Amino acid sequence: MQVAKIPTHVAIIMDGNGRWALARGLPRLAGHRAGVENLRRVITACVEFGIKHLTIYAFSTENWGRPREEVDGLMFILNEVLDRELDELHRQGVQLRHIGRLEGLPGSIQKKVRQAIDLTRNNDRLILNVAFNYGGRDEIVHAIRQMLADGVQPEEVDADLVSRYLFTAGQPDPDLIIRTAGELRVSNFLLWQGAYAEYYAADVYWPDFDKEQFRLALEHFSQRERRFGLVSNQLKAAAPVPGGAPASHPGA
Ligand code: IPE
Ligand code: IPE
Ligand code: MG
């Protein structure tokens, strides 16, 4: 079945790897490995659905506080994924980007991430933002510091300028933010960009979020009425601008 309205930008909080593993009597890292396998399938599904931007939350600024062996294991998995999956992603036309503090990651990973970004920079089938060592508050702090360092004057600061100082500069805001594993919280993800995103909570763990689950999320999204602060009648009169508020938006 065709989905009526495909969002331009989907963001996913890939949660529940640990519980998925626990339910099987496996170590948490086995859940993270299963999560990576699933990610490959979801990326392929995104390309098939015609989604243009996918942002995935893989490691938060708060996740450093987890037990050392889990943090080390996650770094190991990221390193391995970059080696193993890059060629295939490139072949699929995926443009890889990183959001978050790259400089906080081990040097060898930084180098691989930079190389991957460089290799795929001209691809345009899907822009894949990997949020690794990402926090929404940290992103805003980083943006403010950068603006001050650039000598931006107070009267120059507006919402557009702030957006241009975020890690997602130049990309549309997410239309749909999916969180797996049933939790109803944002956990510091895309605090600014998610202002008018539609939220969807899937009640399966991330490794079990398959194409059918994805389709279900998209169908729910199709049925939502995004009002951007207006009332329904106004929306029927004005054609919506994809990925943003209608042109008649009073603050536009
Ligand atoms: C999400 O799964 C992946 C990361 C945060 C790295 P979790 O590891 O949070 O899994 P649960 O929530 O403990 O089940
Ligand atoms: C959010 O999940 C971070 C990622 C999915 C990378 P968490 O599992 O860290 O979030 P909390 O702790 O349940 O809020
Ligand atoms: Mg979790």
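# Reading two ligand sites and their surroundings

User: Which backbone atom lies 3.3 Å from an oxygen atom of ligand 1?

Analyst: A backbone N or O atom of Gly16 is 3.3 Å from an oxygen of ligand 1. A polar contact is a pair of N or O atoms within 3.5 Å; within protein, one must be able to donate a hydrogen and the other to accept it, and residues adjacent in sequence count only if both atoms are side-chain atoms. This is a predicted model, in which local features need pLDDT of at least 70, side-chain atom pairs count only at pLDDT 80 or more, and totals for chains, interfaces and linings use all residues; side-chain values use heavy atoms, without hydrogens and water. Residues are numbered from 1 along each chain as its sequence is written, with chains lettered from A and ligands numbered from 1 in the order written.

User: Which residues come nearest to ligand 1?

Analyst: A residue is near a molecule or strand if one of its heavy atoms lies within 4 Å of it. Ligand 1 has 13 residues around it, of which Asp15, Gly18, Arg19, Arg28 and Arg66 come nearest.

User: Which residues are around ligand 2?

Analyst: Among them are Asp15 and Arg66. Others in that shell include Tyr57, Ala58, Phe59 and Ser187. Strand β2 gives the most to this shell, 3 residues. As for distances, a side-chain N or O atom of Asp15 is 3.2 Å from a ligand 2 oxygen. A polar side-chain atom of Asn63 is at 3.0 Å from an oxygen of ligand 2. For the side chain of Arg185, the N or O atom is 2.8 Å from an oxygen of ligand 2. Ligand 2 taken alone exposes 390 Å², and the protein buries 79% of that.

User: Where does ligand 2 sit?

Analyst: On a 1 Å grid over the protein atoms alone, a cavity is a set of points where a 1.4 Å probe fits but cannot get out; a pocket is an open set with protein on both sides within 12 Å along at least five of seven lines, and lining residues have an atom within 4 Å of a point. A molecule sits in one if more than half of its atoms lie within 2 Å of its grid points. Ligand 2 sits in the largest pocket.

User: Why is β2 largely enclosed by the rest of the structure?

Analyst: Buried means under 20% relative accessible area, exposed over 50%, partly exposed in between (1.4 Å probe, protein chains only). Of the 8 residues of β2 (residues 53–60), 7 are buried, so the strand is largely enclosed by the rest of the structure.

User: Which strands pair with β2?

Analyst: Two strands pair if DSSP finds at least two bridges between them. β1 (residues 9–13) pairs with β2 in the parallel sense over 5 bridges. Val10 has Leu54 of β2 as its bridge partner. β4 (residues 126–134) also pairs with β2 in the parallel sense, over 7 bridges. There, Thr55 has Asn129 as its bridge partner.

User: What lies 2.9 Å from a polar side-chain atom of Thr120?

Analyst: The backbone oxygen of Ala116 does. Thr120 is in helix α4 (residues 107–120). Thr120 is buried, at 0% relative accessible area.

User: Is Asp203 buried or exposed?

Analyst: Asp203 counts as exposed, at 68% relative accessibility. Asp203 is in the loop between β6 and α7 (211–223).

Note on methods. Helices (H or I, at least four residues) and strands (E, at least two) are DSSP runs, numbered from the N terminus. Accessible areas come from the Shrake-Rupley method with a 1.4 Å probe; for residues, only the protein chains shown count as cover.
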